[in-house]
Amino acid sequence: MCVAWQLVKRIFLGSLREAEVERLNEQAWREVVEILFAVTIFRQDFSVSFLAMVTALLLVKALHWLAQKRVEYIETTPSVPTVSHVRIVSFMVFLLAVDCLFLSNSLRSLIHKREASVAIFFSFEYMILATSIVSTFVKYIFYISDMLMEGQWEKKAVYTFYLELISDLVHLSLYMLFFIAIFLNYGVPLHLIRELYETFRNFRIRIADYVRYRKITSNMNERFPDATADELIASDATCIICREEMTTAKKLLCGHLFHPLPAAEISQTSCPINCIEKDRKAGVEPAAHL
């Protein structure tokens with residue numbers, strides 16, 4: 001099994017970068033602890049096949065962590081060879097196929113037995129992994145689309161924000177369903193408490209960002225005037241928030257320019273750089289930097 005894992009890693013990723021190895025080590029220890037808690041819940045199903053399935057789950061999870069980290073690397077690297085794009089796309093498709101295969105087997109076992117079993121645990125885990133890799137793949141598509149538009153896709157941040165919001169909602173729903181299923185059949189699932197809390201916290205933060213975003217953009221035209229062509233040229237047509245080029249822009253009271261649709265990136269009306277004194281003179285209450 002480990003040989004197969006090394007082979008897959010070499011084919012799709014090649015040599016791992018230092019950041020990827022660090023991510024792998026950090027996540028591995030945390031997952032091992034959570035798996036040990038899960039084993040105590042399903043101790044009546046403990047067997048050699050169960051250990052093999054748990055090992056396979058850990059190895060598949062490790063590949064997902066590496067895929068996410070590699071996509072992050074590609075998104076932040078100016079020049080990436082075409083072969084790297086082909087490999088990461090193939091890798092994500094491969095992982096989704098593996099998730100669906102294991103998920104199908106777990107659901108088939110659950111339906112066949114018609115009672116609560118360890119198959120609930122594996123079904124849930126592979127559902128989470130499948131939705132995660134789909135989310136990562138869609139983010140990658142957003143990145144490619146923005147790259148093809150030479151960085152001029154101003155709605156990328158908006159779509160990315162909505163994608164993360166939907167992803168968190170799906171994960172929160174799955175965690176809650178699994179928590180209830182385990183609680184009703186086995187007792188309190190201690191290994192889920194941290195994940196459930198973190199997912200709920202992330203979702204709550206995104207909802208707050210969304211509400212703040214809607215509040216700001218609802219009257220953006222009245223609060224922030226459009227920048228003129230001369231002002232765009234004077235600022236090198238660069239957004240003060242995301243540092244990307246702009247074709248149209250809004251103007252803060254201090255004179256700096258930003259994208260008309262910055263999604264959740266704008267959380268206050270003050271400039272994100274050192275314009276506190278200008279903000280005070282303009283009658284804007286200084287806020288924390290972005």
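Helices H3 (residues 48-75) and H5 (residues 119-148) have axes that come within 11 Å and cross at roughly 15°. That angle makes H3 roughly parallel to H5, a label used for angles under 35 degrees, with over 145 counting as roughly antiparallel, 65 to 115 as roughly perpendicular and the rest as oblique. Axes here are lines fitted to C-alpha atoms, for helices over the stretch in contact, and angles run from 0 to 180 degrees between N-to-C directions. The crossing of H3 and H5 is left-handed, meaning that the near helix is turned anticlockwise from the far one by less than a right angle; clockwise would be right-handed. The residues of this contact divide into 16 nonpolar, four polar and four charged. In that count, Ala, Val, Leu, Ile, Met, Phe, Trp, Tyr, Cys and Pro are nonpolar, Asp, Glu, Lys and Arg are charged, and the others, Gly among them, are polar.

A word on the source: this is a predicted model, in which local features need pLDDT of at least 70 and side-chain atom pairs count only at pLDDT 80 or more, while totals for chains, interfaces and linings use all residues. Residues are numbered from 1 along each chain as its sequence is written, and side-chain values use heavy atoms, with hydrogens and water left out.

H3 also meets H2 (18-41). Here is how the two pairs look side by side.

| Helix pair | Axes come within | Crossing angle | Handedness |
|---|---|---|---|
| H3 and H5 | 11 Å | roughly 15° | left-handed |
| H2 and H3 | 10 Å | roughly 150° | right-handed |

H2 and H3 are therefore roughly antiparallel to each other. Among the residues that meet are Leu24, Ala28 and Ile35 in H2, and Val54, Leu58 and Trp65 in H3. The contact of H2 with H3 divides into 12 nonpolar, two polar and six charged residues.

Arg70 is found in H3, and at 8% relative accessibility it counts as buried. Buried means under 20% relative accessible area, exposed over 50%, and partly exposed in between, with a 1.4 Å probe and protein chains only. Leaving aside neighbours within four places in sequence, Arg70 is in contact with Leu13, Ser15, Leu16, Arg17, Glu20 and Ile88, where contact means heavy atoms within 4.5 Å.

Now to the start of the chain. In H1 (residues 2-12), the buried residues are Trp5, Val8, Lys9 and Phe12. Seen down the axis of H1, they fall within an arc of 100°, so they line one face of the helix; the arc is that of the directions from the helix axis to the C-beta atoms. Just after H1, Gly14 takes a positive phi of about 75°.

Another buried residue is Phe178, with a relative accessible area of 4%, found in H6 (residues 156-185). Phe178 touches Ile120, Phe121, Phe124, His191 and Leu192, not counting residues up to four places away in sequence. Phe178 and Ser123 are 55 residues apart in sequence and 9.5 Å apart in space, C-alpha to C-alpha.

For the whole chain, there are 10 helices and two strands; these are DSSP runs numbered from the N terminus, with helices (H or I) of at least four residues and strands (E) of at least two. Of the 290 residues, 40% count as buried.
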